[in-house]
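Here is a walk through one structure, from single strands out to whole chains. Please keep the sequence and the 3D view side by side as you read.

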Amino acid sequence: MSGLVSTGVRKLAAAAAVAVALAAGPGYTTAPQAAGPEKGRDDRGGNTSVAARLGGFMGIFNFLDRFAVPAELADPEIAPFFANLTETPGDIETCLAMLLDHDLGGSSPHNGFIVPATGHQCRSSMSNIHRGRNIPDRIIDKFIAIVGEQAAFVGVADSDIAEVAKVLERYRGGVRNK
Amino acid sequence: MTWWKWTVRVGAVALGATAVIGILHMPMARPLLAMLGACPVKATPGQTEIARRAALKKLRGAVPAPARPALGFDLESTTLADVQAWGRARGIACQASMQDTLLKCESVPAGAVTTRASGTFDEVAFGFRLADHRLVTVTTISSGLDVSAAATRFTAIAEMMEGALGAAPTAKRLPTTAWDARGPVFVEYRFVDYIAGVSAMGMQGRGVVMREHYTSARDDGDRTQASLTVNR
């Protein structure tokens with residue numbers, strides 16, 4: 001009986017944690033800085049990379065937070081992968097924003113950053129992150145399609161969307177059917 | 001007791017625990033896993049619903065939709081049983097999961113749903129509210145389309161949406177005759193109670209991928225809270 005009660009409490013607590021995290025978000029007011037001597041460039045000055053055109057970490061994070069991740073969460077197939085017990089959507093937004101910023105020429109660290117609000121540490125291995133989830137190509141197609149359509153929705157240029165898609169495609173092998 | 005007996009016992013326990021965890025992750029045992037507190041790999045249906053509600057707050061528009069088309073299904077009215085019966089009647093393979101809040105149907109002919117598109121959808125996914133298993137979202141996904149077929153299908157769907165929802169979507173980027181699928185095209189409608197759209201873009205080695213979505217954006221928070229209480 002006590003086991004049943006604790007299961008119920010755990011479920012409610014987990015649901016509440018997701019709700020709080022979704023409501024609060026990581027709460028960035030400035031871009032988190034790389035711990036090491038990452039590219040060492042200010043994305044807003046002198047950097048002509050795709051990341052800079054997208055507003056660096058903050059621009060990419062805000063795009064994910066306000067548009068792409070909500071659209072992913074509205075999809076009944078993708079949402080369960082975003083709202084699990086160990087990572088909040090805010091964690092995923094932060095780590096994905098850093099990864100995209102890094103891979104598109106920005107100054108974010110590729111991995112290792114610890115999300116202040118939750119203590120979640122961004123990891124580097126896509127295979128490890130997605131292990132056991134058995135994510136098929138079709139879900140990856142959907143994920144990239146949603147990022148692409150939302151980027152188009154907010155007016156990102158086709159050429160920059162193609163670069164974002166290319167970065168995401170590079171990780172397909174590490175995500176698929178792990 | 002000798003040390004090797006302890007070694008064997010510890011090994012047996014570890015092996016047994018691994019086997020139990022493995023068995024619990026097989027499809028037939030997942031409901032039991034959910035009852036035990038859910039697997040950390042995927043969210044529970046309750047958590048998914050909370051996440052969905054939060055997401056819709058960021059996505060929904062300001063005015064009510066003039067209609068809420070969803071490929072011939074009625075959002076917040078059609079039930080899981082209705083869709084399963086629809087699939088059975090047409091010989092379409094559908095599989096339910098996530099405590100019957102998700103139903104995925106494979107290789108759905110366009111003629112099986114209400115659309116102006118032709119051909120076959122790789123998959124049509126139906127999302128149901130946890131509390132009463134009423135339909136809240138329908139999505140389609142198709143990949144491997146060539147540019148010409150994708151443009152034709154996209155235009156047919158966009159025209160259908162325009163006929164039902166009006167000529168002024170929230171945003172759009174339509175395919176021109178010169179469209180080569182390197183950039184996405186999309187039409188998106190965002191109302192206070194309904195969100196719908198279609199998009200298409202080329203992906204490396206996947207051809208053109210096209211996605212449609214039809215979602216009830218009404219705030220059904222009361223029902224969600226009730227369902228969480230029921231599922232404790």
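**From one strand pair to two chains**

B:Cys94 stands opposite B:Cys105, a residue of S2 in chain B. This is a predicted model. S1(B) and S2(B) pair in the antiparallel sense, and 4 bridges join them.

Now widen the view to the sheet. In chain B, 8 strands form an open sheet, and the pairing is antiparallel. Their order across the sheet is S1-S2-S3-S4-S8-S7-S6-S5. S1 and S5 (171-173) of chain B stand at the edges, each with a single partner strand, so one side of each has no neighbour in the sheet. On average, neighbouring strands of this sheet are turned by 15° against each other, direction ignored.

Two loops of chain B deserve a stop. The loop between strand S1 (94-97) and strand S2 (102-109) of chain B holds B:Met98. B:Met98 is not a glycine, yet its phi is positive, at about 50°. Is B:Met98 buried or exposed? It counts as buried, because 22 C-beta neighbours lie inside 10 Å of B:Met98, and the cut-off for buried is 20 or more.

The other loop lies between strand S3 (120-128) and strand S4 (135-145) of chain B, and B:His133 sits in it. B:His133 has a positive phi too, of about 55°, although it is not a glycine. B:His133 has 20 other C-beta atoms within 10 Å, so it is buried.

Step back to chain B as a whole. Its secondary structure comes to 6 helices and 8 strands. Along the sequence, the pattern of chain B reads α-α-α-α-β-β-β-β-α-β-β-β-β-α. Chain B has 232 residues, and 41% of them count as buried. Take the contacts in chain B with a separation of 6 or more: residues 24 or more positions apart account for 55% of them.

Chain A is built from other elements. It has 9 helices and 0 strands. Read along the sequence, its pattern is α-α-α-α-α-α-α-α-α. Of its 178 residues, 47% count as buried. Among the contacts in chain A with a separation of 6 or more, 75% come from residues 24 or more positions apart.

How does chain A come to the sheet? Look at H7(A). This helix lies across S3, S4, S5, strand S6 (185-190), strand S7 (194-203) and strand S8 (207-216) of chain B. H7(A) runs at about 105° to S7(B).

H7(A) also has a helix partner within chain A. Two packed helices are described by the angle between their axes and the distance between the axes. Helix H3 (residues 56-73) and helix H7 (residues 137-153) of chain A pack at an angle of about 140°, with 9 Å between their axes. H3(A) and H7(A) are therefore oblique to each other. The crossing, as H3(A) passes H7(A), is right-handed. Which residues of H3(A) and H7(A) meet? From H3(A) come A:Phe67, A:Ala68, A:Ala71 and A:Glu72. From H7(A) come A:Phe143, A:Ile146, A:Val147, A:Gln150 and A:Phe153. By class, this contact of H3(A) with H7(A) has 7 nonpolar, 1 polar and 1 charged residues.

Stay in helix H3 of chain A for one more residue, A:Phe63. A:Phe63 has 23 other C-beta atoms within 10 Å, so it is buried. Leaving out residues up to four places away in sequence, A:Phe63 touches A:Ala68 and A:Val154. A:Phe63 and A:Ala117 are 54 residues apart in sequence, and their C-alpha atoms are 19 Å apart in space.

The last stop is again between the chains. H3(A) packs with helix H3 (residues 45-59) of chain B at an angle of about 135°, with their axes 8 Å apart. H3(A) and H3(B) are therefore oblique to each other. Their crossing is left-handed. H3(A) brings A:Arg66, A:Pro70, A:Ala71 and A:Leu73 to the contact. H3(B) brings B:Ala51, B:Arg52, B:Ala55, B:Lys58 and B:Leu59. In the contact of H3(A) with H3(B), 6 residues are nonpolar, 3 are charged and no residue is polar.

Technical notes:
Residues numbered from 1 in each chain as written. Chains lettered and ligands numbered in written order. Predicted model: local features only at pLDDT ≥ 70, side-chain atom pairs only at ≥ 80, totals over all residues. Axes fitted to C-alpha atoms, helices over the stretch in contact; angles between N-to-C directions. Parallel < 35°, antiparallel > 145°, perpendicular 65-115°, else oblique. Left-handed = near helix turned anticlockwise from the far one by under 90°. Contact = placed C-beta atoms within 7 Å. Nonpolar A, V, L, I, M, F, W, Y, C, P; charged D, E, K, R; others polar. Buried ≥ 20, exposed ≤ 12 C-beta atoms within 10 Å, placed from the backbone. Pairing = 2+ DSSP bridges.
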